[in-house]
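Here is a short report on one model. It takes strands, domains and a ligand shell in turn.

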Amino acid sequence: MATLLVTGIGELVTNDPFADGAGPAPVHLLRDAAVVVEHGRFAWVGAAADAPAADTALDLGGRAVVPGFVDAHAHLVFGGDRAAEFEARMSGTAYAAGGIRTTVAATRASSDEALQANASRLVAEMRRQGTTTVEIKSGYGLTVHDEARALAVAATLTPEVTYLGAHVVAPEFADDPAGYVDLVTGPMLDACAPHARWVDVFCERGAFDGHAARAILRAGAARGLKVRVHANQLGEGDGVQVAAECGAVSADHCTHLTDADVAALRDASVVATLLPGAEFSTRSPYPDARRLLAAGVTVALATDCNPGSSYTSSMPFCIALAVREMRMTPAEALWSATAGGAASLARDDVGVVRVGARADLAVLDAPSFVHLAYRPGVPLVAGVVAGGVPEPALAR
Ligand code: NIG
Ligand code: FE
């Protein structure tokens, strides 16, 4: 197997506390660095001056390099868009969970090919912005057939596939929500579990209460699915407590938390995956990242890319929001968008530059990772290395 030396890295964020070099916690930096890649993984990481020989070399000309972003929360399998709903919201209409049904109708009416093309387009858009690992949920089909086909599309794009049959109660079950929970935990789970790694539920007023959410997550877990939860997005509620009780790896949103919720996240080691694109796009107050960090909770950042509440595919944009609006330091925000995302997905092979990890990098047209927040809205990602393969744009 040929080896590749990537050199000329002016600043390399490793997220590896055991690497030489210092830099602001928690990211850890090496300056004038290089990496060697073999079999899609890092085989060597260190100072460029000490780099071993390799079969081929790529010189990045002094640019900053960070681990490829790990976007742990995205809804990419859908039809249509909701620009009109966004426009109305920006004129004062409040966001509510029920808008999901608009996308459910458009998704059911879409062909398999159209769903695949739209999801693939969004994954490509993410990659252009430095994302090399993405989680993709179902949740806009809400029939056995439409949920299973959404997961089949997702599985062509990522191993991090999430069954979200419990996004809202399907319109056909408006008068029988308990019947819908039976479907989600029965025949729909049978059809979907083979395609998925995760089970998720939208635990919120207008979607599923704590009782239903527990039943859905426990049924998924009994089928071997790992647990994540849409929790406490629009108001206080049971989501975080249910996540802690059901052994969730991550509770996502976490916008409205009581002190008991923060303690539950910490005590059950549940990652809080914050989604500031949703607060931006629904003009809502941001989650209190500083409170979570002070309590010792692991914080991840993700886009929540979806046509209703957060139609951004940009991790750099979410980093900028986290720094400016949530008072995370640039280093904290970058860590949360990389190593934090990996924790949210129970992965130890991504989000870090360390021997043995997947060779996923985002190369920045900037001298420092700080520019991700300092230069908001600027396309700083020159290209990615994904699984050890550099995009052609990086060879110059
Ligand atoms: O994460 N909260 C639930 N689901 C999405 C919104 C989906 C929609 O509005 O279509 C979210 O924000
Ligand atoms: Fe979501």
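## Strands, domains and ligand shell

Strand β4 (residues 56-67) pairs with strand β13 (residues 361-364) in the antiparallel sense, over four bridges. Strands are DSSP runs (E, at least two residues) and helices are DSSP runs (H or I, at least four), numbered from the N terminus. Two strands pair if DSSP finds at least two bridges between them. A64 stands opposite L364 in β13.

The model is predicted: local features need pLDDT of at least 70, side-chain atom pairs count only at pLDDT 80 or more, and totals for chains, interfaces and linings use all residues. Residues are numbered from 1 along each chain as its sequence is written, while chains are lettered from A and ligands numbered from 1 in the order in which they are written.

An open sheet of seven strands runs β3-β2-β1-β4-β13-β14-β15, with mixed pairing. Its edge strands are β3 (41-47) and β15 (389-390), each pairing on one side only.

In contact (C-beta atoms, placed from the backbone, within 7 Å) are 21 residues of domain 1 and 22 residues of domain 2. β14 gives the largest share of the domain 1 side, three residues.

Residues around ligand 1 (C-beta atom, placed from the backbone, within 6 Å of it) include F202, H230, Q233 and D304.

Technical notes. Contact = placed C-beta atoms within 7 Å.
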